[in-house]
Amino acid sequence: MADARRPSTDELERISAALDGDGSMPDDLTDAGTAFRDTAERIRALSRLEPAEDPPDVLDAVLHGIDDEAADLHLDVVGRVDVVGRVDGGERRERRWVRSVAAVVVAFAVGAASAAIVLTGDDPGGVDVALADVDDELAAAQADVGELDATVSIVERGAHPDVPERRYEGTLRYRPPERLWLELDDLTSYPSAAWPANDVVTVVDDDVAWRLGGVGCPIAEQPGCLRSERYESVEGRAPFDPGWVAPLDIVVPRDLPAGATVEQPSPERVVVTTTVGGVGDLIGALVGTGAFRPVHVDDLVALGLDAERWTVESVVVRAADTPARAQWSAGTGHRDDPDATIFEIAIEPTDLAVVGFPYPPAAPTVGAGFVDGAVSVPVPRRLPTGFEPHRSGTVESSTGTVATMTWSDGRAWFSISERAAGSATGDLLGAEVAIGAGVGYLAATGESITLLVGDRQVIVAGSLPLGDLVAIGDELDVTGRRADGTSGLAPLPASVPRPEGVTAAIPGPSGTYSIVIVERDEVVVLVASEGEVLDPPPKGDVIEVSVRDTTGRASATLRTLTWVEGGWRIELRSDTVDIDRLRSIAASLVVGG
């Protein structure tokens, strides 16, 4: 039976074609079709999309989870509510500083439109498949993926002039939701015994995780500085601990960065082109453990995905041709030709022998303190379809006991934690999102929402899209209040450079202040600390750059930009933008605003 709330496939196609400039808008639309057309046009207006030469279709996925009723957009920066607009066709006031705000309530919808991706086939200019948001497909694939066994092969180039190429073979085993075992054997024929093999093992096994691999060092000092192995392990690991959850991206990436391009060379395969900075967790999960050569955040990545399961099939990393990359190359000694292939990685599903996950080779060196057991936290009235309880327990923090419950469906997961609010509000980063009858605050990573409930914090986190986390928060029998003057915001000294209109920030120790700038896929943290001299650079790739009429420092690896101004050491850092964008943001800052 057809759903009267949704347009038919034929009606969607006709509306989509008209929106993309291919024909006139149908005049016989159903009520559902009219609602779809109006909402799609509003989303395009919000994200200022222009028709592309080969425009993408606007699919029903854009509207997934959007309420048909008018929705308020709370656009906010730390310490300042900038504007309140509406998406019901009414007037929207101009935002005074566009780069400083986040339309969080419909971020999952606007982001889908602004990152619309076309999957093109072999026919030039033709469209085989169009996705308003590939992240929707990845989210669905997370829930669908089950056990996965695969062989892994890696070719690494440019590690050292005496070792131009290294080869690895190994296996990957995944058991949902958070058990993963990656083992790689170094098959390289080295010029001498001075070169240690770079064998690698990474294991995440519920509350225990460990990794074993070589240790890299400056290329000019190799091979003498290379160590054959470094062992790290932890027990009492919290479920989906951020320090160990990244390897799950090897199975199904959680999402793709806005601006990624997608091609479908065959019905079975999708290829995503982005940068190392866009899929840093995935690259780190594959070659972050061990003495692999470094890559630059600007380097290009071709990510091959299975078109049906959306599991990773291949990763190819090529050297970028950017000024920042050239400066980094000079500092590290890895002088790759532009477009030179650095890594070729293939992951091929296969049947492997059934064996148990390996135990750590030595006693765990770190106790993370998570104790599995029953806990009491706010629980959603209704769970997303397919999700079942996973691990739960407690861990002690500086503000008391943190209780956590988790649920999973395949590789997908979400958690709800509760803890004392304390005096620190580092999780309240100024991007406000409506949750039920109250509000919550979006973390800088976009991966969790914190609700202030009395003197407690309730945190909803997970691998799900932001819209799904919001929906889970709506199902909680708690109401989040707005942060007030006691929640940790403090007046910002007039001499600190800041986004226009921002007057308060999150205070830290020793006279430091933090401001989080959020806009769509960009999250940038500004930290100001009193001082006239920059600290010694922590990484060898730090270079001098011009910033705000002075000389500062930039690190592509750390993705930081630092300088001294008006008696303050200013640092901009981000996992989502490059150094050039950080310099642009720095140039837009004002003093005394």
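Helices (H or I, at least four residues) and strands (E, at least two) are DSSP runs, numbered from the N terminus. By this assignment the protein has 9 helices and 34 strands. The model is predicted: local features need pLDDT of at least 70, side-chain atom pairs count only at pLDDT 80 or more, and totals for chains, interfaces and linings use all residues. Residues are numbered from 1 along each chain as its sequence is written, and side-chain values use heavy atoms, with hydrogens and water left out.

**Overall features**

Of the 593 residues of the protein, 50% count as buried; buried means under 20% relative accessible area, exposed over 50%, and partly exposed in between (1.4 Å probe, protein chains only). The protein exposes about 26400 Å², and carbon and sulfur atoms supply 49% of this area. Accessible areas come from the Shrake-Rupley method with a 1.4 Å probe; for residues, only the protein chains shown count as cover. A contact means heavy atoms within 4.5 Å. Among the contacts in the protein with a separation of 6 or more, 59% are between residues 24 or more positions apart.

**Nonpolar cores**

In soluble globular proteins, nonpolar side chains tend to be buried together. A nonpolar core is here a set of buried Ala, Val, Leu, Ile, Met, Phe, Trp, Tyr and Cys residues joined through side-chain atoms within 4.5 Å. The largest such core holds 48 residues, of which Leu 172, Leu 303, Val 315, Phe 343, Ile 345 and Ile 347 touch the most other members. Helix 6 (residues 280-287) gives the most to this core, with 5 residues. Apart from this core lies another, of 26 residues, among them Ala 505, Ile 517, Leu 561 and Leu 589.

Phe 343 also illustrates contacts made across the sequence. Leaving aside its neighbours within four places in sequence, Phe 343 is in contact with residues including Ile 154, Val 155, Val 287, Phe 292, Val 315 and Val 317, as well as Glu 156 and Arg 293.

In helix 9 (residues 579-588), the residues Ile 579, Arg 581, Leu 582, Ile 585 and Ala 586 are buried. They lie on the same side of helix 9, because they cover an arc of only 155 degrees around the axis; the arc is that of the directions from the helix axis to the C-beta atoms.

**Strand pairing**

Strands of a sheet pair through backbone hydrogen bonds, either parallel or antiparallel. Two strands are taken to pair if DSSP finds at least two bridges between them. An open sheet of 12 strands has mixed pairing and the order 11-12-13-14-15-5-6-7-8-9-10-16. Its edge strands are strand 11 (261-266) and strand 16 (366-367), each of which pairs on one side only. Strand 10 (residues 227-235) runs parallel to strand 16 and is joined to it by 2 bridges; Glu 235 stands opposite Gly 367 in strand 16.

| Residue | Opposite residue |
|---|---|
| Leu 442 | Ile 449 in strand 23 |
| Leu 451 | Val 458 in strand 24 |

Strand 22 (residues 438-442) and strand 23 run antiparallel and are joined by 2 bridges. Strand 23 pairs with strand 24 (residues 456-462) in the antiparallel sense over 6 bridges. These two strands form a hairpin with 2 residues between them, and Gly 454 in the turn has a positive phi of about 60 degrees.

**Disulfide and individual residues**

A disulfide is a pair of cysteine sulfur atoms within 2.5 Å, and by this rule the count comes to 1 disulfide. Cys 217 and Cys 225 form it, with their sulfur atoms 1.8 Å apart. The link is right-handed, with 70 degrees about the S-S bond. Cys 225 counts as partly exposed, at 22% relative accessibility.

Gly 386 lies in the loop between strand 17 (371-372) and strand 18 (388-397). This glycine is partly exposed, with a relative accessible area of 42%. Beyond its neighbours within four places in sequence, Gly 386 is in contact with Ser 408 and Asp 409.
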